[in-house]
Amino acid sequence: MRIETRFCSPHIHKVEDGQELTSHVHRMIQEKTAPGGEFLGWLDYADKLSEKQICEIEEIADEIRQRADVLVISGIGGSYLGSKAVMEALCPTYGRKPEIIFMGHHMSSEELVEVTDYICDKEFYVLVISKSGKTLEPAISFRLLRRMAEERYGGDSSKRIIAITDEHSGALRTLASQKNYRTFSIPADIGGRYSVHTPAGLLPMAVAGLDIRAFLEGMKEGSREYSREFLEENAAYRYALMRSRLLEEGKHVEILVNYHPKLMYFAEWFKQLFGESEGKENKGIFPVAMINTTDLHSLGQYVQEGQRILFETVIDILKPKADIFIPGDEQDLDELNYLYGRDLHFINRRAMQATALAHMEGGVPNIIIEVDKLDERNLGKLMYFFMIACAASGLFLGVNPFNQPGVEAYKNNMFALLGKPGMEIETAEIEKKIHAIQEG
Ligand code: PA5
């Protein structure tokens, strides 16, 4: 397996002078002395996961695969994006069995009604994933799903509900013990967005029929390769340092670019990882994503000629899982015969190379990450690459990459507006402020 990084803007080519800073950050990570170092359990988690734990995950996944038409997963943020990213990247898009539906990552009543209507006459299992056990969105959807399961399966419902949460504490842990649900744990020293290789990511992947052992092998390979101190041996540190140099040069927005719609949720996972880890203390690169060539017909204009605050990180998949060839046509009205017999992947990669060149010449630096093919092992390694690069990037910036204090601001307002008991003073204050805004 091969993952290579290439830095395609000449003026950012040399990173050797960043070794001292990198060594400092490297020690903070490996010795767990970084700010938030108590959340570095993900570094070697794949090595620590026992055969027994992996077998337990595979056994429950097999049971769900045999007995369910639909698995509904309730989780948000790091509790769903990792597994969704891997599934969308590797599973067939159409006709999956069992169907896996994600709920609990929004509060759209229309969407919830549609899902509950859809599953009501199907055999379903429920998997609720919440480390804290009290996040509003998954808690609401789980209430609905739990009631549906209880009404439908009675005493057997507890066999159809599986919970993944903190090992010891939290509302979900308490409920699971009371109801006798089967459970898995997210370790206390691993935050949500770094938890894709814990049961939170592995159980959904296994239900989708993916090879979680290969995924873990990729993670382990990543943990060996990207825990090297020296920049010339560690592509993840080189990437992190490039990002920090680019930010210093005024490149405030990173676009994760790929040419495969199946990587759409990989980009969502990336956005959460970097956005939540770096964006604090008025610092950080704003992560966005483009799926090309689709987005070249919409955002492409901005990238080529808009504000020069952008850089791109392009994922270049060298070998596709399947390919298709351009047929000939006698009339050639569309003038495509010059491509007759060419494989579509070749054309897609030519589009990628052409775009990277045009954007670089237009003042948008490009970092290319080459991945030889998309499979469980490579995705495991690639995710580890981004996780360690994200930790290092945050530390280069001087922020704690493992917390997310900023998300509390909207939550406090929301709970006050919902009239949560104990927040009466805040409710009155916030309602006053909102009234003032509405009055102009
Ligand atoms: O990365 C994080 O820690 C967050 O995005 C969480 O994953 C997200 O808020 C969900 O939290 P929980 O699993 O506690 O419901």
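Predicted model: local features only at pLDDT ≥ 70, side-chain atom pairs only at ≥ 80, totals over all residues.
Let me start at the loop between α4 and β3 (99-103), where Pro 98 is found, helices being DSSP runs of H or I with at least four residues and strands runs of E with at least two, numbered from the N terminus. Lys 97 and Pro 98 are joined there by a cis peptide bond, with omega at about -10 degrees.

Residues are numbered from 1 along each chain as its sequence is written, and side-chain values use heavy atoms, with hydrogens and water left out.

Staying with the backbone, most residues other than glycine have a negative phi, and most peptide bonds are trans. Lys 32, which is not a glycine, has a positive phi of about 55 degrees, and this residue is found in the loop between α1 (19-30) and α2 (45-48). With a relative accessible area of 36%, Lys 32 is partly exposed, where buried means under 20%, exposed over 50% and partly exposed in between, using a 1.4 Å probe and protein chains only. Asn 282 also carries a positive phi, near 60 degrees; Asn 282 is found in the loop between α12 and β8, and its relative accessible area of 84% makes it exposed.

Leu 71, in strand β2 (residues 70-74), counts as buried at 0% relative accessibility, and its C-alpha is separated by 6.2 Å from that of Glu 99, 28 residues apart along the chain. Ala 200, in helix α9 (residues 199-207), counts as buried at 2% relative accessibility, and the C-alpha to C-alpha distance from Ala 200 to Leu 216, 16 residues apart in sequence, is 13 Å.

Now to the pockets. The term here means, on a 1 Å grid over the protein atoms alone, an open set of points where a 1.4 Å probe fits, with protein on both sides within 12 Å along at least five of seven lines, and lining residues have an atom within 4 Å of a point. Volumes are the space filled by probe spheres set on the points, which are joined across faces, edges and corners.

How much space lies in the largest pocket? The value is about 1500 Å³, and of the 47 residues that line this pocket, the closest to its centre are Ile 76, Ser 130, Ser 132, Thr 135 and Lys 411. Elements giving two or more residues to the lining are β4 (124-129), α6 (136-153), α8 (171-179), α12 (264-278) and α16 (407-417), and α6 gives the most, with eight residues. The lining divides into 20 nonpolar, 14 polar and 13 charged residues, where Ala, Val, Leu, Ile, Met, Phe, Trp, Tyr, Cys and Pro count as nonpolar, Asp, Glu, Lys and Arg as charged, and the others, Gly among them, as polar.

The second largest pocket holds about 520 Å³ of space, and of its 19 lining residues, the closest to the centre are His 260, Lys 262, Pro 320, Lys 321 and Ala 322. At least two lining residues come from each of α4 (81-90), β9 (310-319) and α14 (344-361), with α14 giving the most, three residues. Why does the second largest pocket lie between domain 1 (3-37 + 217-397) and domain 2 (39-213)? Because both domains give residues to its lining, the domain bounds coming from an automatic or database domain assignment.

Finally, the aromatic rings. Rings of Phe, Tyr and Trp (its six-membered ring) pair if their centres lie within 6.5 Å, with planes under 30 degrees apart counted as stacked, over 60 as edge-to-face and the rest as tilted, and by this rule the count comes to 17 aromatic pairs. In one of them, the rings of Tyr 239 and Phe 274 have centres 6.4 Å apart and planes at 75 degrees, so the pair is edge-to-face. This pair links distant parts of the chain, with Tyr 239 in helix α11 (residues 235-248) and Phe 274 in helix α12, 35 residues apart, and both Tyr 239 and Phe 274 are buried.
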